[in-house]
Amino acid sequence: MILLQVVVSGLLMGAVYALFSSGLTLIWGMMNVVNFAHGDFVMLAMYAAFFAFTLLHLGPAFFIPGAAAVLFVLGVVVYLGLVRHVARGPMLAQILGTFGLALVLRYAAFWAFTANFVSLPDNLVGGTFDIGGLRIEASRLLGGVLALAITLGMHLVLTRTMLGSRILAVAEDRNAAMLMGIRPDRMQALAWGVGAASTGVAGALIAMFFYISPTVGESLSLIAFVVVCLGGFGSVPGALVAGLGIGVIEALSAYLIGAVYQDVVVYALFLLVLWVRPQGLMGTA
Amino acid sequence: MLLEARGIIMAFGAFRAVDGADLDVAEGEIIGLIGPNGAGKSTFFNCLAGDAQPTAGTIRFRGQDVTRATPEAHARLGMARSFQVPVTFEDMTVAQNVMVGAFLRHGHRAAARRVADEVLAFTGLDQLADTPARSLGTPGRKRLEIARALATEPQLLLLDEALAGLTPAEVRLAIALVRRIKARGITIVIVEHIMEVILSLAERAVVFHQGKVIAAGAPRAVVDDPAVVTAYLGHHMKRVRRGGVG
Amino acid sequence: MKQWPLVLLGFVAIAAWPLLTDDVFLQRLGALVLLAAISASAWNLIGGYAGQVSIGHSVYFGAGAYASLVLYTQLGWPPIAGAPVGMLVAMALAAVVGTPTFRLRGHYFSMATIAAAELARILVANWKLLGAAVGLMGPPVPRSVVDLSFISPVPYHYLFLAVLVVLLGLTWQMQRSRMGYYLAAIRGGDRAARSLGVPVLRYKLYALLLSAAFTSLAGSLYVVMVGFIDPDSALGILISVKMVIVAALGGSGTLFGPLIGAIILVPLEETTNAVFGGSGTGVTYIVYGAIIVLIARFRPGGVADLWRSITVRMARRAA
């Protein structure tokens, strides 16, 4: 029973991982550029939610879309101001561009909000459910279900709408898309916006049940890399399955080996996958 | 035979990009690989160069089985290539680019530089020796790729659309260069879209269509082969026979 | 090279630095600049020359630092005696980490190095023999001169300078040899390099082994001077980041780039630390981050590249 409890809470956390990793995989598949600041975007969204609640007294119904909007703008600005330019440059510039951004965001948060952990009140969304002996906090349930729904929604938008097929066309072949009258620059800016907005929602959701600190983004970035590598680069369904899987693996290893080693297991798995199947478990060769 | 490819198949899932192709290359000849877009000639070419490993079939170079050998082993054995989209080393000068090739057979800098200087003079790049590779235009880059390949002192040179995207005047210069390379005793396999090039350069043409070799022989005869005419679009062939650059 | 007189002048100035001032802060600054230049120059071998952007070099730095202090705490050896051991351990780690990761391209390589370094940090932080989260201390009082424990920073300055000169001399030789050309070709593109007969994986490994060995030596030198390490100060991601920034600012893949970068960045870091006190670390890294964003955006070649374009422009004007 305890094991089942662990698996369920792993799945709920994994759904949130899947959500922000979908954003990373979208950006990645689109232009083959990694956002090293992805986890730090999530961190910003967590603080956005925190301050929206403590300073403006806004509840989840407001701060979740609010964080998404703020991060959407940030994503577009980062694309237009930085990524668009470094993407054409040497590999060193591509890596240092977003990596430097990660440092700026992380330590600016450190400076502005101090290293102290903060958190939203536990009872923001009412209490704990008891489902057949399983105890699930309402905030985690809401977070998991909402994250799952939005990830699936993202997948549907990408595969079923005109806009989605335009985005995918640019990811597939930039020049061919241009010939069809699609403006790749706009689509890529949009992908960065949507990718960042996914961290906005994910961050606001995590903030409801997780502590908030300036350096939390570092391990979240690594988790996003792991999920994207496992799920195959550019694949939202892949990210969904891999995100849920990583959530469960993390929860199980924390329970079975100890919380200190949960990251060790995830990182080791990541390296193993990169070494054995560089194209990802679900990607094609 | 310098190079023998037998029954080469390259499958991507159910799709066979190359479907049982054979090729013999005798020492000293210039062979042209032609065929419409997507005919599989580039994939086949990459198998020959060791850049891709065929699903089935064998490739022998100078009597040795090189089917699964790495690209660097191909270079050591005496096979050099150019790329469809030139990949020059942007941070280096033209001479340094060529020296990378020369280092394959000469461990010392001075010796490598001597070989590079000779190749640069031979390819007409000596005036540009000290300019950065990134400042070259497409014709310069294509020429530099050929120079770099020659510096590895190959017996067989594989040229992947080395003349595509050049102006007619540049094409004539490049054709002259290829002739001079042949005069050095180097065998050449050339993949080309421009029929004019094949007609004026190649001693033998091999036509690919849907992954298979559908015709081989003297270029003039091959161009008139009915199977080849149907493979290409009719109006395209007319343009080609008038000597246009397709 | 027409710039030899300038280079010679630079090294004379660096050698004279501790004699020009009595201020311990400034003397210490000189030693720290040289130490940062050593580790960034070591990173430069793989990250700059071969173009494989490792963000996990803290692993090798930590190998040297921990080897030196473990041999002291367990066997009572003087910390510097751990340096060769650390270099061997670092090279072994490099072979283990490098062989599989070199098949990865660009970003994937960088991500793999970050993950490997984080893995190492967490494992060490929970490893009793290595002092776990608390860390390890060197000899509290020097037992003999071999402990290389001095109050004045000046002896360290000359020790570090000697190591830097050896490393740069080796790098210069390497740059002019076949290996230098091959690494530049690898940076230019694996596929083209291989078509010219460059054994790409082997040369990447050579570069990483050399790089790891000297990074480890830098780690040993660091503990010899500072006398204390913990998982964050020897294995934290910021250790890796600093090597990358110093090299990239000065000019990655150039001989003197990392030294130039260290001369600019280390005084900046020490000054912000002195001005802002405890909260200085945060500010330092905001500045670091901003600097690499600006380099990436406007001048990926770093200061060395800027210098080159200025001299070219001046030469043109003179002509």
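**Burial, folds and contacts**

Tutor: In this predicted model, A132(C) is partly exposed, with 14 other C-beta atoms within 10 Å.

Student: Where is A132(C) found in chain C?
Tutor: Phi of A132(C) is near 45 degrees, a positive value in a residue other than glycine. As for its place in the chain, A132(C) lies in the loop between α5 (106–125) and β1 (136–137) of chain C.

Student: Does E161(B) count as buried or exposed?
Tutor: E161(B) also has a positive phi, near 50 degrees, in a residue other than glycine. E161(B) sits in the loop between β7 (156–160) and α6 (168–183) of chain B. A residue is buried if 20 or more other C-beta atoms lie within 10 Å of its own. Because E161(B) has 20 C-beta neighbours inside 10 Å, E161(B) counts as buried.

Student: Why is chain B described as being as compact as a globular protein of its length?
Tutor: Chain B has 10 helices and 10 strands. The globule rule gives 18 Å for 246 residues, and chain B is close to that figure, so chain B is as compact as a globular protein of that length; its radius of gyration is 18 Å.

Student: What percentage of the residues in chain B are buried?
Tutor: The C-alpha trace of chain B spans about 55 × 40 × 30 Å along its principal axes. Among contacts in chain B between residues at least 6 apart in sequence, 64% join residues at least 24 apart. Of the 246 residues in chain B, the buried share is 48%.

Student: Which strands stand at the edges of the six-stranded open sheet of chain B?
Tutor: The open sheet of chain B has the order β6-β7-β8-β3-β9-β10, with mixed pairing. The twist from one strand to the next averages 20 degrees. Two strands of chain B have a single partner strand each, so one side of each is left without a neighbour in the sheet; these edge strands are β6 (79–81) and β10 (212–217).

Student: Which residue of β9(B) stands opposite I34(B)?
Tutor: Strand β3 (residues 30–34) of chain B and strand β9 (residues 204–209) of chain B run parallel and are joined by four bridges. In β9(B), the residue opposite I34(B) is V207(B).

Student: What is the bridge partner of E4(B) in β2(B)?
Tutor: Strand β1 (residues 3–12) of chain B pairs with strand β2 (residues 15–25) of chain B in the antiparallel sense, over eight bridges. Their hairpin has two residues between the strands, and G13(B) takes a positive phi near 65 degrees there. The bridge partner of E4(B) in β2(B) is D24(B).

Student: What is the bridge partner of R6(B) in β4(B)?
Tutor: β1(B) also pairs with strand β4 (residues 56–61) of chain B, in the antiparallel sense over five bridges. Within β4(B), R6(B) is partnered by T58(B).

Student: How many residues of the contact of α3(B) with α4(B) are charged?
Tutor: The axes of helix α3 (residues 94–102) of chain B and helix α4 (residues 109–123) of chain B come within 8 Å and cross at roughly 115 degrees. The crossing of these two helices, α3(B) and α4(B), is right-handed. Residues making the contact include A95(B) and M99(B) of α3(B), together with R113(B) and L120(B) of α4(B). By class, the residues of this contact are nine nonpolar, no polar and, as charged, one.

Student: How many residues on the side of chain B that touches chain C are charged?
Tutor: The contact takes 23 residues from chain B and 18 residues from chain C. On the chain B side, α2 (71–77) and α3 each supply at least two residues. The residues of that side divide into 11 nonpolar and five polar, while the charged residues number seven.

Student: Which helix gives the most to the side of chain A that touches chain C?
Tutor: Of the two pairs of chains in contact, chains A and C share the most contacts, with 34 residues of chain A in contact with 37 residues of chain C. The chain A side divides into 28 nonpolar, four polar and two charged residues. Helices supplying at least two residues each to that side include α3 (60–86) and α9 (216–231) of chain A. With 15 residues, the helix that gives the most is α4(A).

Student: How many Å apart are the nearest C-alpha atoms of chain A and chain B?
Tutor: Chain A and chain B do not touch. Their nearest C-alpha atoms are apart by 10 Å.

Methods:
Residues are numbered from 1 along each chain as its sequence is written. Chains are lettered from A and ligands numbered from 1 in the order in which they are written. This is a predicted model: local features need pLDDT of at least 70, side-chain atom pairs count only at pLDDT 80 or more; totals for chains, interfaces and linings use all residues. Two strands pair if DSSP finds at least two bridges between them. Axes are lines fitted to C-alpha atoms, for helices over the stretch in contact, and angles run from 0 to 180 degrees between N-to-C directions. A crossing is left-handed if the near helix is turned anticlockwise from the far one by less than a right angle, and right-handed if clockwise. Two residues are in contact if their C-beta atoms, placed from the backbone, lie within 7 Å. Ala, Val, Leu, Ile, Met, Phe, Trp, Tyr, Cys and Pro count as nonpolar, Asp, Glu, Lys and Arg as charged, and the others, Gly among them, as polar. The radius of gyration is taken over C-alpha atoms; the globule rule is 2.2 Å times the number of residues to the power 0.38. A residue is buried if 20 or more other C-beta atoms lie within 10 Å of its own, exposed if 12 or fewer, and partly exposed in between; C-beta atoms are placed from the backbone.
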